[in-house]
Amino acid sequence: MVKVVEVSDSSQQKTLRGHEAPVLSVTFDPKDEYLASSSCDGSVVVWNIEDQTRVTSWPLLQKTNDVSNAASLCRLAFQPAAGKLLAVPVETRVHLYERGSWDQVGSLSDELLTQPVNVAAWSPCGRFLAAGAVGGLLTIWDVNSRLVVERQKHEKGFTVCSLAWHPSGSQIAYTDTEGCLGLLDGLGTSGTGSTTAPAAKPAKGYDDLFDEDDDRLMDEGLSDANSPVKKAAVAEDEDDDDFLIASTGRVRNRGAILDDENSLDTGSLKLGQDKFGEDDDDDAGSSVAPAAAAAAPLRPVYDGPVPTPPQKAFQPGSTPAHLTHRFMMWNSVGIVRGYNDEQDNAIDVEFHDTAVHHAMHLTNSLGHTMADLSQEAVLLACPSTDDLASKLQCLHFSSWDTNKEWMVDLPQGEDVKALCLGQGWAAVATSALLLRLFSVGGVQREICSLPGPVVCMAGHGEQLLVVYHRATGFDGEQALGVQLLQFGRRKRQLMSGEPLPLSPKSYLCWAGFTAEGTACYVDSNGLVRMLNRALGNTWTPVCNTRETCKSKSDHYWVVGAHENPQQLRCIPCKGSRYPPTLPRPAVAILPFKLPLCQTSTEKGQMEEQYWRSVLFHNHFSFLSSSGYEVDEAAQTQSDKEQQELLMKMFALSCKLEREFRCVELAELMTQNVVTLAIRYASRSRRMNLAQRLNEIALEKSTQLQEDEEPEEEPEFSSDRRTSGYRQTEPYNTRQNDEQQEEDEEECEEEEDGREMETEETKRRLNPFAKESGLPAKPSLTPVGRVGRSNPFKVADSGKPTSSSGQARVSNILDNMRSSRKLAPLSGSAGKPSKGPVLKPLAPRTKAKAQSTLLQISSNKTANKKTLEAAEPAADLQKQPDTAAPPAENTENKRPKTGFQLWLDENRKIIIADNPDLDETDVIKEAMGRFRTLSADERLLWTERAKGQSGETADVKKRKRAENEAVESDESNARKKMSSLDPSSKLSAFAFSKN
Amino acid sequence: MDPSEVEFLAEKEFVKIIPNFSLDKIYLIGGDLGPFNPGLSADVPVWLALNLKQRQKCRILPPEWMDVEKLEEMRELERKEDAFTPAPSPYYMELTKLLLNHASDNIPKADEIRTLVKDIWDTRVAKLRLSADSFIRQQEAHAQLDNLTLMEINTIREFLLGSLNCMYKLRSNLQPGATKGQFGDY
């Protein structure tokens, strides 16, 4: 239904009925006689207004049920003035109907028009018809000749939904479905029917040019008649001229655009370019050649890669310079705000921490546009003007003298493009591709050339990050390079011009350092990347800020990053890329998250946590290597966290029966955690896994050894050490002091080892000793001395070393081959089912014999009391015992180990029993010791190979780690154990004190 | 309860502040606060926020509900509904008063917010009076009022309980009291 209403008084209303679906478009006949309408029912109808009747109807369009579904808006148009023709967009053509007869008299088409025509509009003179199509193609025909006069592509390819001619006929205004208004200028169509190349002359006062041009074209066009072939030739000729014109035009256009950024959209249509970058001004610069090439009609459009306009230099943490109220800098120190309106041109400096300095208000008489802020100074810079050089101003507020400000003029023709402040220095990158360094007090320092136009700079401590244009990017990409320089004592270049990875079609938004001094940056896709020093200075994506945005147009404006705690500080901006100065935005904190796969699963989560933890604690090594103080506590904390995660992953893959994966994980662990893993594996009855882990533990221990003593073979060294240990033991016995210093032990051991090397028997003994010694080390807590002395006394004193040694040797050999047997024996007590599994257990027994740790106290005391319980275990062990070595030691030890194992399996019972027993404490201690023993045994076992005395120092740490690890294990395996652990430890300490 | 006591309770509510000093965690009986990083928001109880604010050590971020649009919505809802709507915060009145009195410079459109909260308060108190009135008039034994805040209960408690007591006395005096009197007379 179409209604016609008299506008002036709405007195007359006429209703035209007949459309069966929503009406798409209506147009009046210039003579007010007819009215044409198109509708979703597919028909285009001409009505007689007076009679309210349908004059004619054509079923031209596709039927749809709603306007939103229509392929084309089908905006009709009557020819102005006489209204002789009605233009109807149909598919990719425009049909022309003659008034009166309503016959189709022609059809306008273009081979480049591949999408439906949306809009048709007549020029005021009625000679030309412009059509806008879906996909953004604008085409202008000369109606008389039915030939294309001009075609333009909307630079962003948005659908043109409306067109309007300037009354003079030289410009077309158009709108697109994304809400942009554009102006198509320089239409050379006001002349006669010449179809020569219409010079696309973008924007800005081309009227004069037009007239001349048109006149000339007219002449030639007239003389040429309408033969297409000839025309083409003419077009070729014309082309050259046009090219010149066009190119000059381009240049002018470019200048104009550079002058006025806000006018970007006018004249943004360029001849025959299919692809445009995002920024208009770049197009102007880059499109000269393609535009010329496309000037000739019907010439194929250039659709190769188009260079991207290089992004402009910016200050990270600032909002765009054209704003009247803007942030010139927002960083971890404070905020610099710039005001530039009628009343005021000022700069406000405000510090987050008012202890640094009080807020400052400066008048910005020089027109500073760039700022940086550090704990020491404010650095400001302005670009040069016609008569004034570019200036650098520094407010050095932390200076202790009275002169707190200095200013430097840059050489003529050199503009500051980016600046930054570090600790004690300031850096300025200029348009002359120079990097100038100043001290914060104003002394000029080094100067060097940059490989390309700077994009931004960031400073932190002694590090300077420079991002520059490495080359021209294509198709929306930026080609950036990055340099990382380090000043200070040893000046060097950490990164020399590596390409800076960016997300596809994005540009750099922020670059800087974390509070700990690791470089990171953010691109326009919201991806935050951080330098990974451990992986050869590569960049690891650590956060995607867009993931947390609710809507497409929301962004996070990053102002800083911290590695410990892991925080990305940013300001949420609704519907924009940067925040307004008022109301004062609040900083939000985003967590980091590595984009690993399947982080919704437990495995993925832990992997992500682990690698994130590793990545975010890289800075410890960096800081310590560059001589800064490192927070030891935080470092050990992070190590612990990582190892715990590894252990959890290990347990998880154990559950999933992924033993290979377990081994892979074990390779990432530290040695003492591996021993834990071994225990875990053996307890969960994965003998194969435990064996492999043993190998890994061995490797790790030998590695450790090699690090310390690269010359010696691991095994030998281990033997020696073990021997050393043995010998040390007597030493220990002499020194019954509970607290032997690890260093002493090491020395002793080494010495002993050297001595021992010569004697094979001793060597043989050594392995044995090792085992014993190893546990002693873990036990380090001096407690064990007494115990040590006892077992040793038994072995050493009771039996000549040679004899005992041989016996032991056999045992040892057994251990090497069948250490598993031994282990199972000892382990068997604990876990009868697992015969071969536990090598660590085997060392335990020996270790126990040697009484390394708490064992003595715990074992003896506890064992004696619990002997009954232990006996069954001992019985189990006895069979292996036969094969096993020195009776006394083994016996003593075995029962103990058996007891422990027994305890392990029958903890609940014991626990239940404990409360009843008076000696609950003792039992607990015993249990705790059992555990520690087991851990120690593992250690011992692993250390057997090592035989390192050096590890003793680590023992305490290990214990802690183990306990923690145990706790984590416990969650999986034994909760009760865990509860016992601390008490056991405590008891152990108490013992040691005794 | 005294209104100041209610206000005291309200001071335990947490608000966000942006400190301009840096301080490690502080350990208080009521819980650990901080750490405070300049420029980063931290949650602290209102009493501390006000104290810091008075010493110009922080900016207070208004609670989420303290926003003109949200309050307008609530006001409309409150006016439309016969029953009480959930209050923006259990201490909305107290917090508004405290924050606006001490930190109005940190709260955008402080005056509008003051008016809006006062409107909401008035509406709610009017409802409260109305319901008290009908409660008494119909001589109900009990009534249930949801979504009241402590301050609102407190405003009417004194009066309502007192008057109920009075009425009880009066009513009970009518019969037994009267008889007693008669007995006494006799």
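How far does helix α4 of chain B reach from its first C-alpha to its last? The views below come from a predicted model.

**View 1. Helix α4 of chain B, residues 92–103.** The helix has twelve residues and spans 15 Å from first C-alpha to last. That is close to the 16 Å expected at 1.5 Å a residue. α4(B) is mostly covered, with nine of its twelve residues buried. Among them are Tyr92(B), Met93(B), Leu95(B), Leu98(B) and Leu99(B). Glu94(B) and Thr96(B) are buried too.

**View 2. The salt bridge between Arg75(B) and Asp119(B).** The closest N and O atoms are 2.9 Å apart. Arg75(B) sits in helix α3 (residues 68–80) and Asp119(B) in helix α5 (residues 110–137), so the pair ties together parts 44 residues apart in sequence. Both residues are buried. Shared partners join Arg75(B), Glu76(B), Arg79(B) and Asp119(B) into one salt-bridge network.

**View 3. The salt bridge between Lys391(A) and Asp409(A).** Here the closest N and O atoms are 3.7 Å apart. Lys391(A) belongs to strand β25 (residues 391–395) of chain A, and Asp409(A) to strand β26 (residues 405–409), 18 residues apart. Lys391(A) counts as buried because its relative accessibility is 11%, under the 20% cut-off. Asp409(A) is partly exposed, at 46%.

**View 4. The salt bridge between Arg529(A) and Asp523(A).** The closest N and O atoms lie 3.0 Å apart. Both partners are buried. Over all chains, the structure holds 24 salt bridges.

Methods
Residues are numbered from 1 along each chain as its sequence is written. Chains are lettered from A and ligands numbered from 1 in the order in which they are written. This is a predicted model: local features need pLDDT of at least 70, side-chain atom pairs count only at pLDDT 80 or more; totals for chains, interfaces and linings use all residues. Side-chain values use heavy atoms; hydrogens and water are left out. Helices (H or I, at least four residues) and strands (E, at least two) are DSSP runs, numbered from the N terminus. The expected span of a helix is 1.5 Å times one less than its number of residues. Buried means under 20% relative accessible area, exposed over 50%, partly exposed in between (1.4 Å probe, protein chains only). A salt bridge is a side-chain nitrogen of Lys or Arg within 4 Å of a carboxyl oxygen of Asp or Glu.
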